[in-house]
Amino acid sequence: MFTVHGTLSHTRAYYHCRDCEHGHCPDDERLGLEGHWSPTLQPAITLLGAVVPFATASDLLRRLLGLRFSTSTCRRLTERVGADLLAQHQRQQVAAPPRLPDWDFRLPERDGQRFPGTVGYVGLDAFAVPTRGAGGVDWKMLYVGVLYDPPKKHTLYLVDYDFERLAGLLRQYAVTLGFGRAAQVVALTDGGNGLERVLRQGVSDAVTCVLDWWHLSEKLHALGGLLQEQDQGAATAWAKAREDTLWEQGGTALVAELDRLGCPSGASPAAAEKWAEVRNHIDKNGHRTAYPEYRRRGWDVGSGPTEAGGKVVGQRVKGTGMRWLQGKSLEVASLKALYASGMGLWEAFWTNRRPGRYPEPSQN
């Protein structure tokens with residue numbers, strides 16, 4: 001038996017059924033054993049495999065505990081446990097302890113002003129994961145979903161390659177976390193195609209979608225740089241004036257202003273094309289850019305926690321030289337997201353999971 005204290009011998013009774021040709025050791029369940037793995041070593045190896053590269057996990061086990069397990073053993077065990085977590089989610093079971101911390105959905109004071117009402121925030125973003133393909137390296141979009149409270153004290157992270165399935169999983173966790181106590185659910189995204197539809201269908205048809213303020217600000221400054229290529233000061237002034245309109249009056253007013261001003265004469269074809277692209281993007285998302293109203297209500301207008309979620313998970317699966325099989329990257333990313341969420345979810349998963357078959361350990 002492999003434990004955090006090294007290899008131990010344990011003698012117990014084994015029963016074999018000749019009819020079904022299967023056997024079992026009743027004592028294993030009492031001791032929490034799964035094959036050769038002790039109930040404390042499995043979580044330790046899996047946690048390392050979820051947060052650092054497998055070779056590093058193997059090295060840390062040797063340095064910190066004097067345990068010699070190969071890189072492949074760390075990888076196979078982490079992936080297998082990740083598959084258990086995905087199977088649990090597919091059964092529509094959330095990983096949650098008996099008592100979760102109470103989320104505070106009240107809006108925090110801002111600039112000395114208090115705001116009535118309660119809000120729960122949801123976000124959805126994506127990043128590319130290097131994935132093995134028939135012709136070499138392909139890049140698959142991994143979606144990251146987040147749920148968080150106004151004080152930013154609690155954040156839940158979830159991942160999936162299918163954003164519709166991810167939205168359904170977000171809903172399950174939202175129910176578990178008590179989002180029903182919030183009078184309003186606000187979704188902050190960068191305006192990717194289909195995100196609003198999926199959030200309304202999967203999470204709640206009453207969700208209010210807000211286009212990330214900084215997403216539009218960056219577009220305006222990039223456009224200003226193209227329109228005023230020879231004068232950086234003029235480019236900044238142009239973008240700042242458009243930002244002021246967007247901030248004080250919203251996207252609909254900015255579209256009207258852009259139409260009134262028109263694309264500056266003498267703009268390059270690339271600049272004119274970009275001007276039309278930005279104008280149409282703001283127009284299409286006009287219903288998500290009522291920033292004066294959002295600020296009046298005390299809502300966030302930036303998707304910082306959502307983008308941070310991409311970095312939290314991405315740092316594990318986007319490392320230099322990494323090349324994943326698509327399913328394996330999801331297994332590891334799901335474990336990283338679960339651990340990063342805190343709130344006792346990692347411990348609850350280990351307490352309640354239904355384990356699959358585990359690989360035989362390979363020691364160095």
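This is a predicted model: local features need pLDDT of at least 70, side-chain atom pairs count only at pLDDT 80 or more; totals for chains, interfaces and linings use all residues.
A residue counts as exposed when its relative accessible area is over 50%, as buried when that area is under 20%, and as partly exposed in between.

**Backbone angles**

- Most residues other than glycine have a negative phi.
- Gln92, although not a glycine, has a positive phi of about 60 degrees, and its place is in the loop between α4 (71-90) and β5 (119-133).
- Because its relative accessibility is 59%, Gln92 counts as exposed.
- Met343 also has a positive phi, near 60 degrees, and is found in the loop between α13 (326-341) and α14 (345-352); at 15% relative accessibility, however, Met343 counts as buried.

**Salt bridges within helices**

- In helix α8 (residues 232-249), Lys240 and Asp244 are 4 residues apart and therefore separated by about one helical turn, and their side chains meet in a salt bridge at 2.7 Å, N to O.
- Lys240 is partly exposed at 41%, and Asp244 is likewise partly exposed at 37%.
- Helix α11 (residues 291-297) holds both Arg296 and Glu293, 3 residues apart, and a salt bridge of 2.6 Å, N to O, joins their side chains.
- Arg296 counts as exposed at 53% relative accessibility, whereas Glu293 counts as partly exposed at 27%.

**Another salt bridge**

- The side chains of Arg106 and Asp104 meet in a salt bridge of 2.9 Å, N to O, with Arg106 exposed at 56% relative accessibility and Asp104 partly exposed at 28%.

Notes. Residues are numbered from 1 along each chain as its sequence is written. Side-chain values use heavy atoms; hydrogens and water are left out. Helices (H or I, at least four residues) and strands (E, at least two) are DSSP runs, numbered from the N terminus. Buried means under 20% relative accessible area, exposed over 50%, partly exposed in between (1.4 Å probe, protein chains only). A salt bridge is a side-chain nitrogen of Lys or Arg within 4 Å of a carboxyl oxygen of Asp or Glu.
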